[in-house]
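Here are some notes for a colleague who is meeting this structure for the first time. Please read them with the sequence and the model side by side.

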Amino acid sequence: FIKNSQLTDVTFIEARENHKAWHFVYSRVQDGLIIYPDTLQIKVAKDNAQIVGANLSEYIKKEQVKVKDLLDLNAETFFADYVVVEEERLVVVENSGYDLITCYEWIVRKVDDGVQTYKILVDATNSRVIEIDVLQ
């Protein structure tokens, strides 16, 4: 679907499922930034792999992202020694006022707890922690 629709500016974010379908989520990429508000979802039936739904309403908005001066945050110095960074990327998210914020997104785990993984968003302009999510 992505290839046939010539959506060359998206990247895979996650997959979710229910008892009938898979839900694949993609977000737009601009200048190396993942723009989370510009997502698209594709729903695929589990029994026959047919596309049973697609939502591109957020993707087609193509938010105008203006990147401010970013801090050069280093995950190794930002976190304590017992935190292992599994993945790092720059993303754009919306705050509660619908303002676009550029953030470092770090997927981390504690060394003594190799099972639990966290997604941490840190504002790239002021190093304030925006969100911490426990990933399943």
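1. Isoleucine 107 has its place in strand β6, and in this predicted model the residue counts as buried because its relative accessibility is 13%, where the cut-off for buried is under 20%. Computed along the chain, isoleucine 107 and serine 57 are 50 residues apart, and their C-alpha atoms are separated by 28 Å.

2. Isoleucine 107 also belongs to the lining of the largest pocket, where it is one of the residues nearest the centre, together with Ile13, Glu14, Lys119 and Leu135. The volume of this pocket is about 440 Å³, and 16 residues line it. Two or more lining residues come from each of β1, β2, β3, β5 (83–94), β6 (100–110), β7 (113–123) and β8 (129–135), with β1 giving the most, namely three residues. When the lining is sorted by class, six residues are nonpolar, four are polar and six are charged.

3. Turning to the aromatic residues, the structure holds six aromatic pairs. One of them joins phenylalanine 12 and tyrosine 26 in an edge-to-face arrangement, with 5.7 Å from centre to centre and 75° between the planes. This pair links distant parts of the chain, since phenylalanine 12 lies in strand β1 (residues 10–17) and tyrosine 26 in strand β2 (residues 21–30), 14 residues apart. Are the two partners buried or exposed? Phenylalanine 12 counts as partly exposed because its relative accessibility is 40%, whereas tyrosine 26, at 18%, counts as buried.

4. A second pair to look at is that of tyrosine 104 and tryptophan 106, which is stacked, with 5.5 Å from centre to centre and 10° between the planes.

5. The pairing of strands β3 and β4 may be followed next. Strand β3 (residues 33–45) and strand β4 (residues 51–55) run antiparallel to each other and pair over four bridges, and the bridge partner of isoleucine 42 in β4 is alanine 54. The two strands form a hairpin with five residues between them, and in the turn alanine 49 has a positive phi of about 60°.

Note on methods
Residues are numbered from 1 along each chain as its sequence is written. This is a predicted model: local features need pLDDT of at least 70, side-chain atom pairs count only at pLDDT 80 or more; totals for chains, interfaces and linings use all residues. Side-chain values use heavy atoms; hydrogens and water are left out. Rings of Phe, Tyr and Trp (its six-membered ring) pair if their centres lie within 6.5 Å; planes under 30 degrees apart count as stacked, over 60 as edge-to-face and the rest as tilted. Buried means under 20% relative accessible area, exposed over 50%, partly exposed in between (1.4 Å probe, protein chains only). Two strands pair if DSSP finds at least two bridges between them. On a 1 Å grid over the protein atoms alone, a cavity is a set of points where a 1.4 Å probe fits but cannot get out, and a pocket is an open set with protein on both sides within 12 Å along at least five of seven lines; lining residues have an atom within 4 Å of a point. Grid points are joined across faces, edges and corners, and a volume is the space filled by probe spheres set on the points. Ala, Val, Leu, Ile, Met, Phe, Trp, Tyr, Cys and Pro count as nonpolar, Asp, Glu, Lys and Arg as charged, and the others, Gly among them, as polar.
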